Amino acid sequence: MRYYKLEQQKLRPATYRWAVLGIYLSVQLMGMFFLFIPKLEGLPAGRVGDAMFSTWSGLLGLTTALHFACFSVFAATLAAKLVVKEYCGAGAEVLLSYPVPRRRILRAKCAVFCTMTVAAAALSNSVTMGGMYLASRLFQAPPQMDVTGFPLVVVLVSLLMGVLSAVAGLVAAVVGWKKRSPVAAVVGALLLVCCTANGIPCAPRYILWVMLGMACVFLLAAALLYRVLARWIEGMEV
């Protein structure tokens with residue numbers, strides 16, 4: 001916990017709070033647009049071709065995919081600052097000379113950007129869906145409810161999306177360390193998003209199971225990547 005707090009102090013919380021607020025407002029506006037597409041276009045509710053916009057599960061899939069893309073870059077930025085810049089920058093010699101196991105420091109760094117990403121992503125996605133629900137009630141444009149226990153589904157999907165975004169940050173840390181470049185870290189996260197984000201809204205009615213499956217695969221990959229990164233850092237010479 002002590003090392004976690006020390007690593008957290010290296011960040012400027014105000015900067016990242018503004019970033020989270022910007023992501024939330026952007027996706028909230030997009031969510032409102034998605035919500036009113038059937039009404040603006042005069043589309044019949046429930047039509048199969050427009051289920052993505054006329055059902056709550058479809059809207060959840062869209063907002064979750066957008067949040068995943070944004071918070072993957074958010075996590076990559078944190079990972080680039082905490083891992084890539086410090087281990088590949090001019091201060092690496094000081095960091096590596098600490099009388100503390102290198103894995104413990106790396107674990108604290110990963111814990112910082114992972115917990116920040118999961119908490120911010122889950123909160124933003126849940127609040128976005130809450131805002132869309134209030135807007136649908138206010139303007140009498142309710143989409144079709146096709147999932148039972150939808151509020152719980154929203155919370156669980158949001159948490160799983162946060163986990164996916166955090167793993168994208170770990171992927172970014174590995175790519176950035178390998179290339180010795182913070183920019184490469186962000187590019188690595190963007191490539192991961194391009195390859196996987198479309199899978200989130202592919203089956204809206206089963207989005208919870210889709211997210212759970214993706215989370216399992218991502219976590220297995222994260223465990224492997226973390227071991228590789230830890231081995232690389234332990235092998236660095238002072």
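Buried residues make up 48% of the 238 residues in the chain. Here, buried means under 20% relative accessible area, exposed means over 50%, and partly exposed lies in between, with a 1.4 Å probe and protein chains only. The chain exposes about 12,100 Å², and carbon and sulfur atoms supply 68% of that area. Accessible areas come from the Shrake-Rupley method with a 1.4 Å probe; for residues, only the protein chains shown count as cover.

The model is predicted: local features need pLDDT of at least 70, side-chain atom pairs count only at pLDDT 80 or more, and totals for chains, interfaces and linings use all residues. Residues are numbered from 1 along each chain as its sequence is written, and side-chain values use heavy atoms, with hydrogens and water left out.

The pLDDT is the predictor's confidence in each residue, from 0 to 100. Its average over the chain is 85, and 87% of the residues score at least 70. Confidence is lowest in helix H5 (residues 92-96), with a mean of 65. It is highest in helix H7 (residues 150-179), at 93. Over residues 45-49 the pLDDT is below 50. Beyond near neighbours in sequence, this stretch has four contacts in the model. A contact means heavy atoms within 4.5 Å.

The chain holds nine helices and zero strands. Helices (H or I, at least four residues) and strands (E, at least two) are DSSP runs, numbered from the N terminus. From that terminus on, the elements run α-α-α-α-α-α-α-α-α. Among contacts in the chain with a separation of 6 or more, 84% join residues 24 or more positions apart.

Helix spans were compared with expectation. The expected span is 1.5 Å times one less than the number of residues. Helix H6 (residues 102-138) has 37 residues, so it should span 54 Å at 1.5 Å a residue. Its end C-alpha atoms are 54 Å apart, which agrees. The 30 residues of H7 should span 44 Å, and the end C-alpha atoms of H7 are 43 Å apart, which agrees. Helix H8 (residues 182-196) has 15 residues. From its first C-alpha to its last, H8 reaches 22 Å, close to the 21 Å expected.

H7 is mostly covered, with 21 of its 30 residues buried. Ser165 lies in this helix. Ser165 counts as buried because its relative accessibility is 0%. Not counting residues up to four places away in sequence, Ser165 touches His67, Phe68, Phe71, Ser72, Ala75 and Thr117. Ser165 and Thr117 are 48 residues apart in sequence, yet 6.9 Å apart in space, C-alpha to C-alpha.

Val155 is also found in H7. At 40% relative accessibility, Val155 counts as partly exposed. Together with Leu152, Leu156 and Leu159, Val155 forms a nonpolar patch on the surface. The accessible area of these four residues is about 330 Å² together. Patches are made of residues with over 30% relative accessible area and no salt bridge; like charges are joined within 9 Å, and nonpolar side chains (Val, Leu, Ile, Met, Phe, Trp, Tyr) within 5 Å. A salt bridge is a side-chain nitrogen of Lys or Arg within 4 Å of a carboxyl oxygen of Asp or Glu.

Two residues stand out by backbone angle. Most residues other than glycine have a negative phi. Arg180 is not a glycine, but has a positive phi of about 55°. Arg180 lies in the loop between H7 and H8. With a relative accessible area of 47%, Arg180 is partly exposed.

In H8, the buried residues are Ala184, Ala185, Gly188, Ala189, Leu192, Val193 and Thr196. The buried residues of H8 pack against helix H4 (56-88), H7 and helix H9 (207-234).

Tyr16 has its place in helix H2 (residues 13-41). Tyr16 is buried, with a relative accessible area of 12%. Leu11, Phe74, Leu78, Lys81 and Met116 touch Tyr16, not counting residues up to four places away in sequence. Arg104, in helix H6, is partly exposed, with a relative accessible area of 39%. Arg104 and Ala230 are 126 residues apart in sequence and 9.6 Å apart in space, C-alpha to C-alpha.
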